[in-house]
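Please consult the sequence and the structure shown below while reading.

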Amino acid sequence: MAEKKGQNFLHGAAIYTVGIIVIKILGAIYKIPLGNILGDDGFTHFDVTYKIYNVFLTIATAGVPVALSRLISEADAMDREQQVRKVFKVGLGAFLGLGLFGTLAMLLFPAALAARVGDIQATRCIFVMAPSVVLVCVAAAYRGYGQGHSDMIPTTVSQIVETAVKVAVGLGAAGILHAMGKSVEICAAGAILGTTVSSLAAMLYMQIKIHSKYEVNPPVREGSDIPEAGKKILWDLLKIGIPITISSSIMSFVQLADSMITLNQLQNAAGYSASAAYVLNGAYAKAMTVYNVPSAFVVPFMASVVPAISAARVRGNRGEVCDTAEKAMRMCTLLCLPMAVGMAVLAVPCMEVLYPGSASQGGVLLMELGVVCYFMTMSLMTNAILPANGNERLPLLSSILGLITKIIMTYVLVGDPRLNIYGAPLGTLCCYIVMLTTNLIAMARHMDRPMNLWRIFGRAGISCAAMGVAAWAVYDLLHGVMAGSAAVAGRSMNVLLPFFAAVCVGVVVYAVMIVALRAITLEDMKLFPKGEKLAKVLHIR
């Protein structure tokens with residue numbers, strides 16, 4: 001009998017949360033110095049390649065791992081060893097097929113893909129990235145197997161291993177090539193090599209870990225169950241996985257469309273040369289690395305909220321469904337709105353600290369993205385709440401409407417020479433406003449009572465306003481004092497010290513305000529993994 005070592009749901013979410021934090025720290029160690037090594041134009045080649053890769057990867061791995069883990073979990077709960085084995089075998093075959101498709105497309109047509117997004121110099125990067133697709137697909141099959149046994153540890157550790165190897169190899173290769181005087185596209189390809197090597201490391205770790213921990217190929221014993229036909233299992237995998245894949249793929253297409261339309265419109269409509277367009281898009285891509293941080297911290301929280309809503313719905317407790325959904329949105333606001341406000345208020349010094357010497361447009365772009373950030377995270381949260389309430393197709397509709405809005409608005413706004421690159425975040429803002437509005441309308445129609453908007457936004461909004469004013473005032477004051485002081489040498493220190501002082505003051509002001517205004521309660525904190533213990537430390541009742 002296979003070894004069964006699973007965590008309960010909140011334990012798994014807590015493990016994943018810790019893993020996300022470690023991965024994000026390693027990711028910052030990777031992307032910030034990498035952006036400074038490659039420069040704005042080189043970072044465009046790197047960023048465009050990742051977005052093409054993410055589309056193939058999402059198609060291959062977004063839905064099938066979820067379906068695989070669900071079917072394995074169901075079979076495991078009934079002690080059907082042979083069914084577990086057959087499900088994994090069929091799932092692994094499906095992953096290999098999808099992964100090989102993505103890998104071959106990137107290997108055989110790198111120049112065509114690069115030209116399509118308006119960055120022909122990304123050709124080498126795409127070619128080097130190609131093997132990663134099939135490697136990650138195989139690793140995803142093993143992750144689905146572990147998650148099907150309610151075991152998040154192998155998945156979390158493999159992602160940390162993957163990120164650590166990517167940092168070491170990618171930064172090392174890019175740094176060495178840069179020191180040798182190679183072109184930025186060669187240096188970018190060196191950075192991409194880190195992803196390919198790290199994908200191999202993650203796949204090998206998952207294979208070794210799963211085979212050592214579980215009986216992946218149990219012998220046929222007397223009384224063994226008879227597994228279902230492979231075609232039936234494959235159909236079940238596709239039936240569960242395809243809707244999830246389509247919904248997730250739309251968001252990957254939003255990101256790819258952003259780069260594709262931006263680069264092409266800057267060159268064709270706004271009148272910029274290819275090199276100038278690469279620089280502007282590189283500054284935008286660097287701002288996006290900061291903008292993407294809050295969404296990663298929402299994912300484990302969403303994972304904790306979804307089963308709570310689903311369980312209340314199954315019990316027929318509609319009031320609890322509404323209460324939990326409202327709490328989820330309020331907690332998302334408390335977590336993400338301060339990040340968005342801080343990002344917008346301190347955008348210019350943030351970009352100067354992280355990417356000194358980058359194009360000056362980066363600060364303004366991050367300021368715009370700070371506004372976008374909150375709408376994006378709330379769209380993700382409502383996209384999780386609706387399926388948990390039994391409305392699986394509605395997030396797909398809102399995502400499609402958002403993608404259409406994004407394509408149209410970015411095409412129009414970036415093509416305007418007066419806006420040029422500044423139109424890209426505005427197009428993304430329109431995208432997420434449409435998505436969030438559509439989701440809120442759907443929630444109002446399908447839940448027993450409307451959400452209390454004051455409870456969701458009011459107290460958190462006041463706290464964030466106080467935080468933003470305090471952070472801006474501290475930075476402006478200290479920056480002015482230090483800039484005028486002959487004792488302080490160097491422009492970088494004149495920005496660095498006021499920036500960190502402003503961040504610290506902003507965090508303290510926000511923490512005091514949300515506790516003083518009772519914006520967060522003990523019941524809210526229970527939605528977080530280990531939240532009750534944290535509430536006791538913060539004296540939240």
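## Basis of the report

The model is predicted: local features need pLDDT of at least 70, side-chain atom pairs count only at pLDDT 80 or more, and totals for chains, interfaces and linings use all residues. Residues are numbered from 1 along each chain as its sequence is written, and side-chain values use heavy atoms, with hydrogens and water left out.

## Salt bridges in the structure

Side chains of opposite charge can pair when their charged atoms come close. A salt bridge is a side-chain nitrogen of Lys or Arg within 4 Å of a carboxyl oxygen of Asp or Glu. The search of the whole structure finds 7 salt bridges.

## A pair within helix H1

Lys51 and Asp47 form a salt bridge, with 3.1 Å between the closest N and O atoms. Both residues belong to helix H1 (residues 9–61), where they are 4 residues apart, about one turn of the helix. Helices are DSSP runs of H or I with at least four residues, numbered from the N terminus.

Lys51 is buried at 9% relative accessibility, and Asp47 is buried at 12%. Buried means under 20% relative accessible area, exposed over 50%, and partly exposed in between (1.4 Å probe, protein chains only).

## A pair between helices H6 and H7

The closest N and O atoms of the salt bridge between Arg143 and Glu162 are 3.1 Å apart. This pair links distant parts of the chain, 19 residues apart: Arg143 is in helix H6 (residues 131–148) and Glu162 in helix H7 (residues 153–179). Arg143 is buried at 11%, and Glu162 is buried at 18%.

Arg418 and Asp416 meet through their side chains in a salt bridge of 2.9 Å, N to O. Arg418 is exposed, with a relative accessible area of 72%, whereas Asp416 is buried at 17%.

Key: Helices (H or I, at least four residues) and strands (E, at least two) are DSSP runs, numbered from the N terminus.
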